[in-house]
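Here are a few notes to read alongside the model. Have the viewer open as you go.

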Amino acid sequence: MELNVNGRSYTLDVPAEERLLWVLRDWLGLTGTKYGCGVGICGACTVHINGAAVRSCLMPLAAVSGAEIRTIEGLAERDGGGELTLHPVQQAFIDHQVPQCGWCMSGQIMQAVSFLERNPLPSEEETVRAMSGNYCRCGCYVRILQAVQQAAGRAAGEEAAT
Amino acid sequence: MTQEQSRNQAVEAQADSTGANNGEEGAEGAESAPLGKRRWRLSRRGFLIGMGAAGASLAVGAYFGRPALHLYMAENLAASEPAGSSFMQLDSDPPLWLEVLEDSRIRLSVVKVEMGQGVHTSIAQIAVEELGISWADLVVAQADTTSGLVDGFGTGGSLSVAASYDPLRKAAAGLRSLLQREAAAELGVSEAALRVEGRGFVVADGPAARADFYSLAAALSSWDFPEEEQLALKPADEFTVIGQPVARVDVPDKVTGQAVYGYDMRMPEMLYGAVARPPTLEATLLNASPGEAEAIEGVEAFVIDVENGFAGVAARSRSAAWAAVNSMETEWDEGHLWQQEEIDALIEPAGEGGVTIQREGNAEAALGKGTTVLATYYTPFAVQAPLEAPAALADFQDGQVRVWVSTQFQERAKGQIAEALGVETETVQVVPTYLGGGFGSKLDTRVAIEAARLSKAAGAPVHVGWDRVEAMHNGYLRPPTKNVLSGALDESGRIIAVEHLQGSSDVAFSFLPGFLSLVMGADFGATIAARVEYDVPNRTVTAWRRTLPVWTGWWRGLGLFPNTFAVESFIDELAAAAGADPLQFRLDHLPESRAGARMRAVLEAVAELSDWGRPPAAGRARGIACHMSNTMVAEVAEISVDETTGEISVHELACAVDCGLVVNPDGAKAQIEGNVMWGVGSTLIEQAYVKDGRLELNNFESYPLLTMREAPNVRSVLVDTGIKTPYGMGEPPIGPVGAAVANAFTAATGRRIRTLPMTPARVLEALA
């Protein structure tokens with residue numbers, strides 16, 4: 001089975017029905033993608049498949065072979081000297097000191113990045129709608145909203161430009 | 001500042017192996033039993049001074065002193081603490097160490113675990129402040145159970161900063177003083193002429209001489225720890241680090257996926273474990289065998305121990321382990337098939353066994369006079385549901401076992417693993433990882449035992465990670481609570497009597513030695529905030545503790561949320577009967593005391609923040625509630641009610657808190673925000689119940705959590721009333737949320753809901 005994750009190719013001997021979440025975590029060691037519920041409700045396992053945010057806990061390996069998969073580990077860019085440049089969404093999550101326990105944060109960030117790639121200047125209402133499928137048990141919702149709005153280049157609470 | 005955590009720390013701690021010691025308190029200069037490679041002594045004040053661990057030189061350890069613990073415990077244990085109770089004794093090993101590293105940075109090792117509350121940052125702020133060093137020159141390390149640090153309490157109770165503050169400041173000031181004394185001798189100047197610069201001392205206005213911490217520590221000629229009065233603790237008005245919104249040390253790794261939790265632990269050649277779970281609340285295992293699981297590819301080992309109710313399997317993949325455990329043949333005695341109605345009948349606060357926890361005046365007599373109000377409130381079972389389910393990796397080799405686990409109580413895990421495996425506790429090393437949420441649930445340590453048993457049987461490292469449904473069914477829950485309140489008002493509208501009858505189950509007692517529950521009677525966890533703190537001449541609070549067929553225990557805030565929902569809803573009902581404004585009614589009944597004055601300041605602050613004096617926008621209504629303890633909280637909820645669908649929307653939640661000295665104001669505000677979300681979730685959504693002998697719970701579809709869509713905007717203010725030490729912050733703000741929303745609902749509709757959660761069905765019923 002061929003898998004393309006964060007620009008790297010893997011050849012794996014894994015049953016085709018194995019879920020992408022466990023392949024990432026247990027076979028590839030990419031534990032930044034988290035398990036929360038296994039049934040697609042909580043969003044902790046969100047990754048990008050060909051740019052779209054999907055729940056990796058529901059995704060059989062066979063369905064994503066050949067696709068471009070991006071995880072939280074592939075979001076920041078590392079230059080030749082090893083220096084890390086965070087994605088603007090990651091930086092906004094630091095600026096607003098969003099995470100508490102942090103378990104849901106990879107999923108929150110992957111969801112937000114995919115959303116902003118499709119809707120770069122969302123209204124607050126659009127952001128709330130886009131982020132309401134991701135649980136945060138610590139209750140960081142006020143800050144998640146602020147951070148996503150900041151990453152979109154506008155202060156939280158501000159209305160959409162048009 | 002750097003932080004050492006999990007994997008790296010595990011390697012380091014291995015080299016830092018230390019044995020038990022028999023330290024005695026109060027023996028100045030007495031040499032104690034060797035602490036592994038450390039040579040140390042105990043000062044009269046209870047500080048440990050000795051040689052550091054690998055890579056370190058001088059080390060200073062400090063206890064969380066009895067007085068600090070008492071800040072929290074005294075309120076709850078009150079007079080019922082039995083004399084000589086071992087629960088309150090100091091542990092023989094200290095819970096924190098400061099060490100001078102070879103590169104002259106200072107390492108702070110802490111037992112308190114980081115579960116999102118920011119404790120590693122707050123504790124570091126305290127140390128940096130008193131050491132006088134820069135943020136970059138401190139290393140914070142999570143201690144494991146072999147590093148010579150012991151925490152007999154676990155991480156919880158919103159206690160970590162409150163308990164560490166005083167001893168850590170003194171330990172840090174003492175370490176600095178020891179080094180400064182040595183530097184003065186070496187540089188030939190007075191101690192007063194020295195100041196900290198970088199990782200050492202320089203002469204303030206003198207020659208360009210300097211002495212690094214490490215060389216000073218290595219050469220230290222005197223190990224006399226300064227007497228308390230000689231410790232030059234920094235005055236609060238000179239603080240530059242404490243009180244600042246310092247960025248959390250764990251945040252960068254949490255936005256890049258690099259933070260390592262118990263569920264993330266990996267080792268080469270590791271296997272995955274799964275354990276059979278009882279099908280009902282009272283189920284006991286009668287028989288178990290591998291059955292068809294043996295034929296599943298990848299299965300490596302079984303552990304079947306019917307006597308102890310254990311049947312588990314280890315396999316080469318997680319899916320194989322889960323498939324195998326479902327294919328094992330197990331036979332259970334299901335026991336009585338309980339129904340929720342039977343449980344609700346058990347917690348009725350009446351009949352035998354009530355323990356009076358507060359009695360002033362004669363409420364019974366006074367209740368016959370004036371205007372009487374009677375109301376009954378109910379809060380259901382609730383689950384902690386941290387998003388990281390219980391998980392541990394165990395590696396049993398050559399009679400030694402190492403376990404990495406998301407735990408709030410590594411010391412308890414160590415003892416229980418040793419007992420389960422039948423080995424000496426010294427052979428067990430428990431390494432706490434980051435926690436993907438705890439909220440009280442991760443004082444349970446079974447997952448660590450399961451991993452250890454399976455690793456021993458399989459002869460390989462085994463990781464056990466519960467799935468969501470296992471986590472929902474097999475932890476302990478917040479017990480249901482029933483509160484019956486009666487009150488009487490005189491002609492002027494003053495409260496002359498309140499009687500509060502409270503029925504619930506075990507919260508703290510699930511985890512305390514049996515003798516304590518016998519002595520104390522009322523579970524202080526279940527009865528937190530059940531007392532009537534207002535100035536009422538006749539007040540009685542009586543609590544019934546019933547043992548339920550459902551395991552109940554720690555949940556964020558313990559009884560704080562259910563009891564505050566009841567008492568603060570009732571205060572509004574009394575205010576309504578008196579025809580008074582709910583805020584003014586509360587202010588009018590505050591006690592004439594320091595606590596009353598602090599509560600007043602906090603109530604006034606929240607009134608200003610929420611614009612209480614002006615009417616809300618059309619269609620909206622406000623409710624207020626508060627909580628009085630060491631930490632004072634007042635909250636105003638602004639809601640609207642859709643009378644067609646029955647949905648309540650909480651738009652704004654204003655919160656004012658006085659938690660004493662604030663170490664990290666941004667962290668404190670984050671705790672307020674999180675607690676508010678918990679409170680709103682519990683008020684509007686969360687409930688668990690029993691049906692046909694089992695919890696009617698499956699995955700999140702049957703126990704949904706609050707999402708951003710239902711989340712209120714939270715505005716908060718930290719009120720300074722001059723308290724010089726920190727109080728708890730991780731739980732108190734959850735208390736008033738339920739009552740603030742319920743009181744707002746009454747303001748909006750004229751109806752009252754006394755049963756949580758306030759679901760659309762209950763709202764429509766109330767409006768009918």
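1. Strands (E, at least two residues) and helices (H or I, at least four) are DSSP runs, numbered from the N terminus. The model is predicted: local features need pLDDT of at least 70 and side-chain atom pairs pLDDT 80 or more, while totals for chains, interfaces and linings use all residues. Residues count from 1 along each chain as its sequence is written, with chains lettered from A and ligands numbered from 1 in the order written.

2. Take a look at strand β9 (residues 200-203) of chain B.

3. β9(B) pairs (at least two DSSP bridges between the strands) with strand β8 (residues 194-197) of chain B, antiparallel over four bridges. Here V202(B) has R195(B) opposite. Two residues separate these strands in their hairpin, where G198(B) has a positive phi near 60 degrees.

4. β9(B) also runs antiparallel to strand β10 (residues 210-212) of chain B, with three bridges. G200(B) has D212(B) as its bridge partner, and the hairpin linking β9(B) to β10(B) has six residues.
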